[in-house]
Amino acid sequence: MDQQTPDPAGAENLVCSRCGTVAEGAPPTWTCSVENGVRRYFCDSCARENIRAIEGRLDSPWW
Ligand SMILES: [Zn+2]
């Protein structure tokens, strides 16, 4: 087994930032949110729950 074999381009696994589900590649149903320069991914089910938080963050008060 050669574990140093590089993964094919774009085959990095995504981990849901909310429930920890791991997906291979980039599932089109997943939501990507960039926060402070860090990409966060949410699976489709979590995205539904999280979209409100993501959108809500846009007009959350700064004070
Ligand atoms: Zn999830």
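## Zinc site

Donors are N, O and S atoms within 2.8 Å of the metal (3.2 Å for Na, K and Ca); water is not among the atoms, so sites may look incomplete. By this rule the zinc ion has the protein donors Cys16 (SG), Cys19 (SG), Cys43 (SG) and Cys46 (SG), lying 2.3 Å from it. In sequence these donor residues follow the spacing C-x2-C-x23-C-x2-C.

Four donors count as tetrahedral if all angles lie between 85 and 135 degrees; four count as square planar and six as octahedral if opposite donors are over 155 degrees apart and all others between 65 and 115; anything else is irregular. The 4 donor atoms around the zinc ion subtend angles of 101 to 117°, so the arrangement is tetrahedral.

## Basis of the model

This is a predicted model, in which local features need pLDDT of at least 70 and side-chain atom pairs count only at pLDDT 80 or more, while totals for chains, interfaces and linings use all residues. Residues are numbered from 1 along each chain as its sequence is written, and side-chain values use heavy atoms, with hydrogens and water left out.

## Overall layout

The chain has 1 helix and 4 strands; helices (H or I, at least four residues) and strands (E, at least two) are DSSP runs, numbered from the N terminus. Along the sequence their order is β-β-β-β-α.

Buried means under 20% relative accessible area, exposed over 50%, and partly exposed in between (1.4 Å probe, protein chains only). Of the 63 residues of the chain, 22% count as buried. A contact means heavy atoms within 4.5 Å. Among contacts between residues at least 6 apart in sequence, 25% join residues at least 24 apart.

## Burial of the cysteines

A disulfide is a covalent bond between the sulfur atoms of two cysteines. The search for one looks for a pair of cysteine sulfur atoms within 2.5 Å. Over the whole structure it finds 0 disulfides.

## The loop between β1 and β2

Ser17 and Arg18 belong to the loop between β1 and β2, where β1 covers 14-15 and β2 covers 22-23. Ser17 is partly exposed, with a relative accessible area of 39%. Arg18 is also partly exposed, at 48%.

Which residues does Ser17 contact, leaving aside its neighbours within four places in sequence? They are Arg40, Tyr41 and Phe42. Ser17 and Phe42 are 25 residues apart in sequence, yet their C-alpha atoms are 5.8 Å apart in space. Arg18 touches Phe42, Cys46, Glu49 and Asn50, not counting residues up to four places away in sequence. Arg18 and Cys43 are also 25 residues apart in sequence, with 8.2 Å from C-alpha to C-alpha.

Two strands pair if DSSP finds at least two bridges between them. β3 and β4 pair in the antiparallel sense over 5 bridges. Cys32 stands opposite Tyr41 in β4. Glu35, in strand β3, has Val38 in β4 as its bridge partner. Glu35 counts as buried because its relative accessibility is 17%. Its side chain makes a polar contact with the side chain of Arg40 (3.1 Å). A polar contact is a pair of N or O atoms within 3.5 Å; within protein, one must be able to donate a hydrogen and the other to accept it, and residues adjacent in sequence count only if both atoms are side-chain atoms.

Asn36 lies in the loop between β3 (31-35) and β4 (38-42). The hairpin has 2 residues between the strands. Asn36 is exposed, because its relative accessible area is 82%. What is the phi of Asn36? Phi of Asn36 is near 55°, a positive value in a residue other than glycine. Most residues other than glycine have a negative phi.
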